[in-house]
There are 2 protein chains.
Amino acid sequence: VIVETLAVGTELLLGQIVNSNAAEIGSRLADAGFDHYHQTVVGDNIARITEAITRATTRADALIITGGIGPTQDDITREAMSAAAEMPMEFSDDYADHLRRWWEDRGRVMPESNLRQAWYPVGAEMIPNPKGTAPGLRMRIGRCRVFAIPGVPAEMLPMVDGEIIPSLLAEHDDRGVVVSRVLRTWGESESRIDELLSDLFTGSVNPTVAFLASAAEIKVRLTARATDREAARTLIAPVEAEVRRRLGVRVFGADEGTVERILLEMLEGRGWSMGTAESATGGMIAAAVTGVPGASASFVGSVVAYDRAVKEGALGVPPGLIDAYGVVSEEVALAMCEGAALALGAHVVVATTGAAGPEPHGAPVGTMVIAVVTPEGAMAKTLRMPGDRERVRTYTVTSALHHMRLAVSGEWWS
Amino acid sequence: VIVETLAVGTELLLGQIVNSNAAEIGSRLADAGFDHYHQTVVGDNIARITEAITRATTRADALIITGGIGPTQDDITREAMSAAAEMPMEFSDDYADHLRRWWEDRGRVMPESNLRQAWYPVGAEMIPNPKGTAPGLRMRIGRCRVFAIPGVPAEMLPMVDGEIIPSLLAEHDDRGVVVSRVLRTWGESESRIDELLSDLFTGSVNPTVAFLASAAEIKVRLTARATDREAARTLIAPVEAEVRRRLGVRVFGADEGTVERILLEMLEGRGWSMGTAESATGGMIAAAVTGVPGASASFVGSVVAYDRAVKEGALGVPPGLIDAYGVVSEEVALAMCEGAALALGAHVVVATTGAAGPEPHGAPVGTMVIAVVTPEGAMAKTLRMPGDRERVRTYTVTSALHHMRLAVSGEWWS
């Protein structure tokens, strides 16, 4: 089954946004076992969109179009589908009512221009959009199934996962199922993981073994195809066991088990509350932890102590300590932990202090100190990181979460 | 001058990496004033690469190909260019020597497989690669200039900036320059902005007027072409004035002026420090503000008060107030501001409390309260937002930053 993707939007061609949708959809197509041979971007131009649709429908079994279906005059994917299918446009009273209700439910009056979204090519059906007003469209053009969905990732992804992939799988149900297992690792470079698993990558067929590189964590994905999910899992199991045997404690989680989730589960298991005392990371660790639904079971709060006066005041770090060791020091980070544990009433606290750049704050840019206290112990670590301010901060957040995990399990001092 | 881009690499189609090169090249083409109508991705397949090159060379003046010119068996862009140009491959002794020297200079022996890179289609010239071994290629196919460069961003970008753009500009030096101006708006839906500016969008030629939708802010982009930058700015000025006249205070900034940056500038102008008291947003506002280099001039810190005990303890919110009004209330949000102003020693504090979901915390999911205190006044607002937890939190952060901006300027209570 060959699936092609087409992104519509002049802003993509101008480089104002990165086409991350293409990668999101691409990885889902790969997981589902579909072939993805062409990915195209065109601007908001009716002739070029129509031509791109026509070309794709002659060479693919399905086409997923993202973008160009909002309410503005720029949004002309509907019209291009109509032209490519050689079918006229029709107005849906039902959908116009649905749109008006959507706005009414939010206590607002719908701008009349939104009625553009109730027009669609004859023969098309609407795909519900649970996250926004712009509905998707599906229709057959020639032998090709064409899906058009919004370009906004938060609206687009649920429609791909909830409607498009399942309907394509249902139509081609002789192909069996595809099951993926993602093992999450931390603390090792991509090239070292590659060395450790080299023969598994090269020879892999079913399951296939592949890398997913991301910021500070390396993921290993095992993908198997079989007649049913149970059979696919049986194919994955021995390879997963071998990967885990070779990588050992580097594997910290699997699938949706992010470090934030695993940390929160471990805290609940031990009956410990947690908080953060953040300088260099400015609240990013707290933001990451509270991104997990139900975080409030363990996470109580944070003190973001950016200014020296807040470190001394709200966190009670002795001024003499800062003068003696500098604000970017393991001594100050540990004192921040102690102060926050007291101020927040938390069992476990992680603290960060460092120089993310451009200002050095008395330490070379890229120097980051992470400290953790738990009821069982305390430890601090100084890291030097490359990259710009944003990259240094992001790596520090991931590293801080992993050091908390190691501290809560006791591994850090065992 | 129409320039097309083609990225070669199966890993792009599988979604293992995001095609950030396309955006990098796209923004450079826009800056140089070239038209960029098509961006295509194909995998490491000789037939599909050749077909994509052939198609591009019939509709564009220039084609930039990234990827597929490394030393491995997967790297077949050279062969596809040879096929598309219908020219045989030739071995360059000069380049083979150059490659051997490159490795020798680094004290290493060149793997023989690297000699693949010394083969090129007859008629092609090599483009030096200052950052790696893989040379680029340039040749004319039909009336189209074709450039092939590596896919690694660190090698690719210097070749685009140093060779490709200058050589295209030199060939078309009558074309002038392109200047863009982005006006940032907040507080109005995309469709309402579209209505207000409808005639400007439709009729726009030079400058063109276009939308850039993003989370809670709508951007309007004006792009003009002229003989020099000053002339382009002169074309933009009256249209910018008209857009600003129609949108009024909805326009809060331009170009790189994000709400965080503008807020920090306004705070510095007034000599006020700021902090945050976050419940529902869990540190995200602090993280956003501290993402701006130099934020420490005004930002002092935050108290993330997730747990009720932290609201009562570190922020001193009276327990009776929470019992009377509920934790998601304007009364509690204002008390959080007052408490944080004291604890942090900050002139201006924004507080958030709400139900981001899935737990209701005594208020319907999606209810968010934002409060701001400044030395001049205090105000709170209750919002209802659609969407999932992540979306509700993200919108609340943007909204909170804008309400701080309105409070610091005094607009909120004027």
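**Close-up views of a two-chain predicted model**

**Figure 1. Surroundings of H36(A).** Beyond its neighbours within four places in sequence, H36(A) is in contact with V3(A), E4(A), T5(A), G26(A) and L29(A), and also with L13(B). The model shown here and in the other views is predicted. H36(A) belongs to the loop of chain A that runs between α2 (20-32) and β2 (38-42). With a relative accessible area of 9%, H36(A) is buried, because the limit for a buried residue is under 20%. Two of the contacts of this residue are polar. The side chain of H36(A) meets the side chain of T5(A) in a polar contact of 2.7 Å, and the side chain of H36(A) also reaches the backbone oxygen of L13(B) at 2.8 Å.

**Figure 2. The interface between chain A and chain B.** The size of an interface is often given as the accessible area lost when the parts come together. Here, chain A and chain B bury about 5,400 Å² between them, and 54% of this area is on carbon and sulfur atoms. Of the area that chain B buries against chain A, 10% is supplied by L13(B), Q16(B) and Y306(B), more than by any other three residues. The contact involves 76 residues of chain A and 70 residues of chain B. Between the two chains there are 27 residue pairs in polar contact, counted where both residues have pLDDT 80 or more.

**Figure 3. A salt bridge between the chains.** Two salt bridges are counted between chain B and chain A. One salt bridge joins D388(B) to K131(A), with the closest N and O atoms 3.0 Å apart.

**Figure 4. Arginine side chains over tyrosine rings.** The charged end of R48(A) sits over the ring of Y37(B), at 3.5 Å from the ring centre. In the other direction, R48(B) lies over the face of Y37(A), and the distance to the ring centre is 3.6 Å.

**Figure 5. Aromatic pairs.** A pair of aromatic rings is described by the distance of the centres and the angle of the planes. Over all chains of the structure, a search finds eight aromatic pairs. One of the views shows W102(A) and W103(A), whose ring centres are 5.9 Å apart and whose planes stand at 65°, so the pair is edge-to-face, the cut-off for this class being over 60 degrees. Both W102(A) and W103(A) are buried. The pair of F299(A) and Y306(B) is also edge-to-face, at 5.3 Å centre to centre with 75° between the planes. This pair crosses between chains: F299(A) is in strand β14 (residues 299-305) of chain A, while Y306(B) is in the loop between β14 (299-305) and α11 (308-312) of chain B. F299(A) counts as buried because its relative accessibility is 0%. Y306(B), at 15% relative accessibility, likewise counts as buried.

**Figure 6. Surroundings of A62(A).** A62(A) is located in strand β3 of chain A, which spans residues 62-66. The relative accessibility of A62(A) is 0%, so this residue counts as buried. Apart from residues up to four places away in sequence, A62(A) touches I2(A), V3(A) and E4(A), together with C144(A), R145(A), F147(A) and L168(A). A62(A) and L344(A) lie 282 residues apart along the chain, and their C-alpha atoms are separated by 54 Å.

Technical notes: Residues numbered from 1 in each chain as written. Chains lettered and ligands numbered in written order. Heavy atoms only, no water. Phe/Tyr/Trp six-rings, centres within 6.5 Å; stacked < 30°, edge-to-face > 60°. Buried < 20%, exposed > 50% of the residue type's maximum accessible area, 1.4 Å probe, protein only. Helix = DSSP H or I, 4+ residues; strand = E, 2+ residues; numbered from the N terminus. Lys NZ or Arg CZ within 6 Å of the ring centre and 35° of its normal. Contact = heavy atoms within 4.5 Å. Buried area = accessible area lost by both parts, 1.4 Å probe. Salt bridge = Lys/Arg side-chain N within 4 Å of Asp/Glu carboxyl O. Polar contact = N/O pair within 3.5 Å; in protein donor to acceptor, adjacent residues only side chain to side chain.
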